[in-house]
Amino acid sequence: LQESDLPQKPVELKGENMNMAKISDSGKKQRKNWTLFWTVLTSDQLLFYKDKQQESAQKAGSKTDVVQLGGALIEWTTEKSSRKNVFQITTHTGSEYLLQADSQPTANKWYDAIRTAIASSTKA
Ligand code: I3S
């Protein structure tokens, strides 16, 4: 995590309820490894922290994945996992993230909020 990656924008949504698996890193296929993250959405970034404490620590060098939402795509998928309520985010650099929650309302809430963030940060 670089200092410049730390969120500068107001938080839109946060919570410890999304499973994430990164399946491609800039086009390079990754082994799927579902992990529960403390997830934070700002107007143009999605940040995955190991837990809530790590978010407050905001240490440069900590193991946080930052997804830049400008130019990204989001879509529901039933093909990339046997899990329910899975959607995929594809970044403008070709990284692919699967997100999942057992609760459909939770998955819908994140899908809608991320879609809104993508739309507004892509226009800007
Ligand atoms: O797309 P895959 O390969 O069926 O994804 C499964 C694997 O990631 C599996 O891990 P191993 O490759 O270590 O067996 C996970 O345990 C499964 O959860 C993955 O499938 P689902 O359908 O749960 O995304």
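**Before selecting**

The model is predicted: local features need pLDDT of at least 70 and side-chain atom pairs count only at pLDDT 80 or more, while totals for chains, interfaces and linings use all residues. Residues are numbered from 1 along each chain as its sequence is written, and side-chain values use heavy atoms, with hydrogens and water left out.

**Stop 1: the whole chain**

Colour the chain by secondary structure. Two helices and eight strands make up its secondary structure; helices (H or I, at least four residues) and strands (E, at least two) are DSSP runs, numbered from the N terminus. Followed along the sequence, the pattern is β-β-β-β-α-β-β-β-β-α.

Next, display the surface. The accessible surface of the chain is about 7,000 Å², and carbon and sulfur atoms hold 47% of it; accessible areas come from the Shrake-Rupley method with a 1.4 Å probe, and for residues only the protein chains shown count as cover. Of the 124 residues, 44% count as buried. Buried means under 20% relative accessible area, exposed over 50%, and partly exposed in between (1.4 Å probe, protein chains only). Among contacts with a separation of 6 or more, 53% join residues 24 or more positions apart, where contact means heavy atoms within 4.5 Å.

**Stop 2: the nonpolar core**

Select Leu46, Phe87, Ile89, Leu99 and Ile114. Within the largest nonpolar core, which has 22 residues, these have the most contacts. Such a core is a set of buried Ala, Val, Leu, Ile, Met, Phe, Trp, Tyr and Cys residues joined through side-chain atoms within 4.5 Å. Two or more residues each come from β1 (11-25), β3 (35-42), β4 (45-49), β7 (86-90), β8 (96-100) and α2 (104-123). The largest share, six residues, is supplied by α2. In soluble globular proteins, nonpolar side chains tend to be buried together.

Now centre on isoleucine 114. Setting aside residues up to four places away in sequence, isoleucine 114 touches Leu41, Leu46, Leu69, Ile74, Phe87, Ile89 and Leu99.

**Stop 3**

Which residues does methionine 18 contact beyond its neighbours within four places in sequence? Select methionine 18, in strand β1, and display its surroundings: Thr35, Leu36, Phe37, Thr39, Phe87, Leu99, Gln100, Ala101, Thr106 and Trp110. Methionine 18 counts as buried because its relative accessibility is 0%. Although 92 residues separate methionine 18 from tryptophan 110 in sequence, their C-alpha atoms are 8.6 Å apart.

Then move to glutamate 16, also in strand β1. Glutamate 16 has a relative accessible area of 46% and is therefore partly exposed. A C-alpha to C-alpha distance drawn from glutamate 16 to threonine 93 reads 26 Å, for a sequence separation of 77 residues.

**Stop 4: the loops**

Select serine 26, in the loop between β1 and β2 (28-29). Its phi is near 50°, a positive value in a residue other than glycine. Most residues other than glycine have a negative phi. Serine 26 is partly exposed, at 48% relative accessibility.

Go on to the loop between β6 (73-76) and β7, where asparagine 85 lies. Asparagine 85 has a positive phi, near 55°, and is buried, with a relative accessible area of 16%.

Threonine 77 belongs to the loop between β6 and β7 as well and is buried at 13% relative accessible area. Its side chain reaches the backbone nitrogen of lysine 80 at 3.4 Å, a polar contact (a pair of N or O atoms within 3.5 Å; within protein, one must be able to donate a hydrogen and the other to accept it, and residues adjacent in sequence count only if both atoms are side-chain atoms). Beyond its neighbours within four places in sequence, threonine 77 contacts Val86, Phe87, Gln88 and Leu98.

**Stop 5: the ligand**

Finally, select Arg31, Lys32, Trp34, Ser81, Ser82 and Arg83, the residues around the ligand, each with a heavy atom within 4 Å of it. This shell divides into one nonpolar, two polar and three charged residues. Here Ala, Val, Leu, Ile, Met, Phe, Trp, Tyr, Cys and Pro count as nonpolar, Asp, Glu, Lys and Arg as charged, and the others, Gly among them, as polar.

Display the distances to ligand oxygen atoms. An N or O atom in the side chain of tryptophan 34 is 2.8 Å from a ligand oxygen. For the side chain of serine 81 the corresponding distance is 2.7 Å, and for a polar side-chain atom of serine 82 it is 2.6 Å. Taken alone, the ligand exposes 510 Å², of which the protein buries 44%.
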